[in-house]
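Please keep the sequence and the structure in view while reading.

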Amino acid sequence: MRTETALTKALFSLPGQTAREVSIPHTWNALDGQDGGADYFRGVGTYKICLPDPTPGKRQYIEIQGANHIARVWCNGSFLGEHRGGFSAFRFELTAWMRERENTLSVEVTNEVCQVYPQRADFTFFGGLYRQVRWIETEQAHFDLLKDGSQGVFVTPWVSGRTRVDVFPVHAEGGTVRVRLLDGEGQCVAQGEYPALDHTYGYLTVEQPHLWQGVEDPYLYTLEAELWVEDALCDRVCTDYGYRSFRVDAATGFWLNGKSHPLHGVCRHQCRKDKGWAISREDHEEDMDLICQVGANTIRLAHYQHDGYFYDLCDQRGMVVWAEIPFISQFLESREAYDNTISQMTELIAQNYNHPSICFWGIGNELTIGGFQEALYRNLWDLNALCKRMDPSRLTTMAQIASVPHGSEHNYITDVVSYNYYFGWYNREIADNGPAFDRFHALNPDRPFGISEYGVDHYVGWHSATPINHDYTEEYAVIYHHELLKTFAARPYIWATHMWNMFDFAVDARDEGGIKGLNTKGLVSHDRKLRKDSYYVYQAFWTKAPMVHITGRRFADRAPGERTVRVFTNGDTVTLELNGKVYGTRGVVDHQAVFEELPLAEGENVLTASIDGAKDTITLNGVKTHNTAYDLPDLEEAMQAGNWFEEALDGEKTAEDSGYDVTVPIGILLEDPQCLRAVKGWIMRSSMPQSLKLVAVARLTNWRAMWADRTLDQLSQLQKNIAPEEFATLDKLLRRIKRT
């Protein structure tokens, strides 16, 4: 029989360093990959691992579940081969190179730039043996462990109960394959026996199968495949699977087992604070718990193949999964790079074929950033065809950048398509999202359309009673996500929404919003210890168990004009108590109740919001003046932050490139979304009284029409309330923006 042993210790070294013992999983970028500066180490790390002594007459394999980007493997000095791709499992057979004792495995791993995807992306490319490494020993006859990193056992179920089983024995001439299908209680519901061929397959029937019904009822069956030779059991593989059918309708969205099943969920990256990608099963389980508790029923596992254990958790919790390869952002036109997309997709499908949670194979993400190329189109077309050959039972999809024309031929490669829209953050306004969705649907009424990314960066230290785009406050994020959820709810044709991102994640090149090394769009902090206010907006929309949450608890010091609170709930009414007395009851509209300008006493005030079955309490401090510690330093600079790839692809913007300044007519200036955002931020940071700031920002759109030929420094309202030197600051900001 097969035995497996986790190998958890290794001697590790980087160039020029003395080898030291490390635990596996391991990454060398756990700290420098998250501290900012775009200077984390990308190079070669070497691992030396002691292997168990082999059992005479058996075969030995090494299984590496994740090594980024390229791994080269030796056994006792003999080269076994290399694996190109940082996210899929792979194995090598060791048998021919094993000694009786004192065997050593050597693995060189590199995360250097090479012809392996991903090439460029908004996340840190951690290096190392960051997933489990296993020693496997088998009998001579066993199920093929070299079939694209899979177990060599595949099950294809239909809701009728008909079930196809494909297995791939090796060294099993004259043997027999025995298959049993077990229900969730472990009872055998079907079985069969077949001669062991290189490719053995057969059909079984389960009467009236219990269906896998997503989060409502994620019921699983188990396939147990055994390989027998001369009445001896040589190998056994067990894999869970589920019976379900699904489809996507261009008008009504996703359907599961004949029932409408609207998909609302999140995207997930696998990194963690101070760990990078070298995370534990307990970390995976905590991530899944947080995703379930927010009320999601779908996960886009971006931007690469995730740990097999997390796909297991998705099966068990009923998540509908979009699984994809790291063919993202930057396209390379070379045969080597093309072959890498094919091999990574082949391994993704082969290793995850049996998971009922996976309904969509993702073939690419934002690949037109560098322009539309015929070679890119053909590469995507071939990937889609590969998916259909290997697995016709699932649908294919792709995530487009917002600038892809709605009639682009790229939107007709896959079965369904989704867009990454950040209107209200990187450009345009929140209100522009719905009309953009509607335009696609009107042009492509028979084309299923989804939202694969949307979100805003926000940090729990920044707060404002008058939040605006790009101020990085929790309050703006709450407004943004609330509006987007209302927008989605009004459009049942959207086949799925995947919020970016469930968790803050490491991007060593980032330095914005006062935070280095992180993308802070997460609903939950990088260390998973803090749920941001935006988390509870989703919980109010997506969950049924009674919940209520008062936002703004970290915005504790409240001056006059800052004392309005928002309460999110899935109840119908909310009662608010202030310092032990009932202040009032409000009806809930779109899962929100607003209590305007509370009469806070000076000092500490206790607020309790309650609904039938739930309550939430926070403490606010009544203060006389605004606490400037809540203000993001250099807000004007923050207002200029664009999408991560703009500077990387277009070069740094300089004053010499710019055509903007304070002398440009308002009608021209405010047509540019970046200028509009810069002016808003400048006003909010100016010396103008708070009440006038709000009026000025609200009237900017009117100014564009009313005073199209005038300049900002000519407006009397601004001249009266803003010091002359502040216009110099605005002029400097505008000069940094390149004319479009």
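Helices, of at least four residues, and strands, of at least two, are DSSP runs numbered from the N terminus. In this predicted model, the chain contains 14 helices and 42 strands. Its radius of gyration is 28 Å, close to the 27 Å that the globule rule gives for 740 residues, so the chain is as compact as a globular protein of that length.

**Dimensions and surface**
- The C-alpha trace of the chain spans about 95 × 60 × 50 Å along its principal axes.
- The accessible surface of the chain amounts to about 28800 Å², and carbon and sulfur atoms account for 48% of that area.

**Burial and contacts**
- Of the 740 residues in the chain, 60% are buried.
- When contacts between residues at least 6 apart in sequence are considered, 69% of them join residues at least 24 apart.

**Charge**
- The chain carries 72 positive and 100 negative side chains.
- The centres of these two sets of charges lie 2 Å apart.

- Glu 374 is found in helix α4, which covers residues 374-390.
- Glu 374 counts as exposed because its relative accessibility is 51%, and the cut-off for exposed residues is over 50%.
- Glu 374 and Glu 333 are 41 residues apart along the chain, and their C-alpha atoms are separated by 9.9 Å.

How values were computed:
Residues are numbered from 1 along each chain as its sequence is written. This is a predicted model: local features need pLDDT of at least 70, side-chain atom pairs count only at pLDDT 80 or more; totals for chains, interfaces and linings use all residues. Side-chain values use heavy atoms; hydrogens and water are left out. The radius of gyration is taken over C-alpha atoms; the globule rule is 2.2 Å times the number of residues to the power 0.38. Buried means under 20% relative accessible area, exposed over 50%, partly exposed in between (1.4 Å probe, protein chains only). Contact means heavy atoms within 4.5 Å. Accessible areas come from the Shrake-Rupley method with a 1.4 Å probe; for residues, only the protein chains shown count as cover. Lys and Arg count as positive and Asp and Glu as negative; His and the chain ends are not counted. The place of a charge is taken as NZ of Lys, CZ of Arg, CG of Asp or CD of Glu.
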